[in-house]
Amino acid sequence: MNALSVVLNDQQQAHQLLNSTIWPFIKTKTGAGVQLVAEIKEREDDRTLQQNRFYWGPCLRDIAKQAVVGGMRYEPEAWHELFKRKFLGFEITKTKVAGKKRPVVIRRLRSTAKLKVRAMSNYLDQVQAFAVTELGVQFSVAKWQDYGPHNVDPETGEITA
């Protein structure tokens, strides 16, 4: 096992996992001279289906219907590509390739599919703000928060019942 990832729900579970799983993992790895990186962060849910439906529905639909660039209108897919480039950017990774002395650099456009709830919410805000201020789009009254039944904790991005 090279990595250990666990979700902790309460103090008792955290204590049990620390003693039974996490500490033995750390002890074994560091005892073998392996350096470890420890990261503890709050859990956040993946973007919601409602966010995705809103994005591909009213959001991109209104932009595609109203926005004109260079005298042309574009389909939602074209706007999606523009917004990913503009607001998400590229993920750059280095990979070793057989026969190459140096790692190969791979540049891949980030995907909205990998966004968490809070990041997707920010992305939707950026897309809509750009569309209104730069493209003159007037959105319908729908907001993604109203586009389906869910509650999102604004601090953690976790979906609550």
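Author: Buried residues make up 28% of the 161 residues in the chain, where buried means under 20% relative accessible area, exposed over 50% and partly exposed in between (1.4 Å probe, protein chains only). This is a predicted model, where local features need pLDDT of at least 70 and side-chain atom pairs count only at pLDDT 80 or more, while totals for chains, interfaces and linings use all residues. Residues are numbered from 1 along each chain as its sequence is written, and side-chain values use heavy atoms, leaving out hydrogens and water.

Reader: How many helices and strands does the chain have, and what makes a run count as one?

Author: The chain has four helices and four strands. Helices are DSSP runs of H or I with at least four residues, strands are runs of E with at least two, and both are numbered from the N terminus. In order from that end, the elements run α-α-α-β-β-α-β-β.

Reader: Why is Lys84 called buried?

Author: Lys84 has a relative accessible area of 12%. The cut-off for buried is under 20%, so the word applies.

Reader: And what makes Glu81 partly exposed?

Author: Its relative accessibility is 31%, and Glu81 therefore counts as partly exposed. Arg85 is also partly exposed, with a relative accessible area of 46%.

Reader: How do you know that Lys84 and Glu81 form a salt bridge?

Author: The term asks for a side-chain nitrogen of Lys or Arg within 4 Å of a carboxyl oxygen of Asp or Glu. For Lys84 and Glu81 the N to O distance is 3.2 Å, so the pair qualifies. Arg85 and Glu81 meet in a salt bridge too, at 3.1 Å from N to O. Lys84 and Glu81 are three residues apart in helix 3, about one helical turn, and Arg85 and Glu81 are four residues apart in helix 3, again about one helical turn.

Reader: What makes a group of residues a nonpolar core?

Author: A nonpolar core is a set of buried Ala, Val, Leu, Ile, Met, Phe, Trp, Tyr and Cys residues joined through side-chain atoms within 4.5 Å. The largest one here has 19 residues, and those with the most contacts inside it include Tyr55, Phe83 and Tyr123. Helix 2 (49-66), helix 3 (76-88) and helix 4 (117-135) each give two or more residues to this core, and helix 4 gives the most, with seven. In soluble globular proteins, nonpolar side chains tend to be buried together.

Reader: Which residues does Phe83 touch?

Author: Leaving out residues up to four places away in sequence, Phe83 touches Tyr55, Leu60, Ile63, Leu88, Tyr123, Val127 and Phe130. Contact means heavy atoms within 4.5 Å.

Reader: Where is the kink in helix 1 centred?

Author: The kink in helix 1 (residues 11-31) is centred on Leu18 and is about 50 degrees. The bend at a residue is the angle between axes fitted to the seven residues ending there and the seven starting there.
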